[in-house]
Amino acid sequence: MKRYVVVGAGAAGLTLAYLLTKAGLPVTVVEKESEVGGLARSFHYDEWHFDIGPHRFYSANPVVGNFLTEVMGDDFLEISRTSAVHFMGHYHSWPLRLETLPKLPLGIAFRAGLDLLGKAARASEDSVSFEDYVLRRYGRTLYQTFFRDYTEKFLGIPASDTHQNWAKVGVERATIDEKVNTASLAEIFKLMLIPKPRELNFLYPRRDGVHAFWRRCAEKVVAAGGEILTGKVPQGLETGPEGLQRLVLDDRTLDCEVLAWSGPVPELARMLHRPAPNLSYRSHVVYNILLDSPPVHDYQWCYFGAKDLVFSRLSNPASFSPHTVPSGRGGLCLEIPCQEGDLLWEDPARVRRQVVEDLLRVQALRDEAQIQAMKIERVRDAYPVYHVGYPERLDQAFEDLQDFPNLHLLGRTGRFWYNNMDHSIENAFALAGELLDGMAQANERTRQVRDELLKSRPPATPTPEPAVARA
Ligand SMILES: Cc1cc2nc3c(=O)[nH]c(=O)nc-3n(C[C@H](O)[C@H](O)[C@H](O)COP(=O)(O)OP(=O)(O)OC[C@H]3O[C@@H](n4cnc5c(N)ncnc54)[C@H](O)[C@@H]3O)c2cc1C
């Protein structure tokens, strides 16, 4: 029997599998990792549960809201946000607030003010680089003191070679939750004068980290008749006049009615003997640190821009749910950007000493003895890297793959899209709607689900050009 084959059991793949199995269709999900969840999985060590950096659910879209409840019931906690930035040796609440002002070095505040008044940064209006975008909007002072170093450390390429879309999603990411438009330095200053921006609440699984949600979703897929094969990497794809025909695994071949791919785009192109596009993803080494007592700070996460600090962000699982750590203990998750195959990726323990020293330097630990254990994990393809030329390369890659009408690219990795879980969920809803709508021989169950999806008017499949997205 031909199956609906989904490659990747991340947020997008599992949501799609959930909707298609609910409609009674035969679905097989193929996942290369040993666990489901993709970037939204968690690492579990006895009673400690660490997500890959800070993860929580938020969406203004009722379709996503209903889906969250359908899967998880009320097994969610509602949490508000407490994030910080470590800047010039001090912690500041993030987004910046009025109380931040006295803590900023006087010279910086003064020069940033001059940038604002005089529009001091002269950057080319035509340029599409991150550097010029930030210079135009935020001025040279903030660019040089914060945005450049953070971005270069994060992406591993010069800010001048980074596309401005990274700024559109990356810089504005940090404040967007409060729905404040930070398109200019003036807006940032206005933001600093708002005593306390409107708080939004987020949902977070009560126990076992964000993973709990995606594990529950996977259980529902299986209960509805779908299959999920973990630890399986496709070995090949067979094509015919009607498109993709078969996905070959080491021990089995799957006949494909449809193939939805949420893995990296170049990998798919190679399997289909198409030119592999020059698109790269940034990977992460994650240090999950088990503490014998709560951490010094209670923020949920904090950004670290300084290039001489090894990590780019710290997050504190217990501030998402107290059940992520044993009572009286604590945890810290450190994200260290790297490239798959580089020295850090190959030997992540090489920075172990620096990790401890940097944690002490930024006073995130009381002393070294607070550390009970350190667990090191590797996370592949965590972020698409937006080089200056990526939009054209991506368009070309999508065009090269258009010969296969039953092939669909899906989610953050599959669409090379810097997005959030809710965007991947919406993307899967849109694709499920398209697939079910197109079915001439729909059975009663399929028709019902299709009608529900059509009623909910899911947003159109997003283009890789992100309008608002952040993670
Ligand atoms: C540090 C960090 C913090 C974040 N914080 C938030 C947050 O607070 N809120 C939020 O909503 N979102 C957040 N996100 C974003 C969120 O994690 C992603 O948007 C979402 O998980 C993407 O899901 P996906 O299914 O689209 O892609 P992925 O999670 O990338 O899933 C792709 C899946 O495909 C699998 N795969 C790849 N290649 C193959 C292959 N050849 N064969 C088989 N399987 C393959 C992968 O293993 C993976 O499981 C964050 C992301 C990161 C990295």
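Two strands count as paired when DSSP finds at least two bridges between them. Keep that cut-off in mind as we walk through this predicted model. Strand β6 and strand β14 (residues 301-304) share 4 bridges, so by that cut-off they are a pair, and they run in the parallel sense. Within that pairing, valine 85 sits opposite tyrosine 303 in β14.

Now look at the other partner of β6. Strand β6 (residues 83-87) pairs with β7 in the antiparallel sense. The two form a hairpin with 2 residues between the strands, and there methionine 88 takes a positive phi near 50°.

| Strands | Sense | Bridges | Residues facing each other |
|---|---|---|---|
| β6 and β7 | antiparallel | 5 bridges | phenylalanine 87 and histidine 90 |
| β6 and β14 | parallel | 4 bridges | valine 85 and tyrosine 303 |
| β13 and β17 | antiparallel | 10 bridges | tyrosine 287 and isoleucine 376 |

So where do these strands belong? They are part of an open sheet of 7 strands, in the order β7-β6-β14-β15-β16-β13-β17, with mixed pairing.

Next up is the ligand. How many residues surround the ligand? The count is 36, and the closest are Gly8, Gly10, Gly38, Gly53 and Gly411. The elements giving two or more residues to this shell are α1 (11-22), α12 (411-414) and α13 (421-437). By class, the shell holds 15 nonpolar, 13 polar and 8 charged residues.

Key: Residues numbered from 1 in each chain as written. Predicted model: local features only at pLDDT ≥ 70, side-chain atom pairs only at ≥ 80, totals over all residues. Near = placed C-beta within 6 Å. Nonpolar A, V, L, I, M, F, W, Y, C, P; charged D, E, K, R; others polar.
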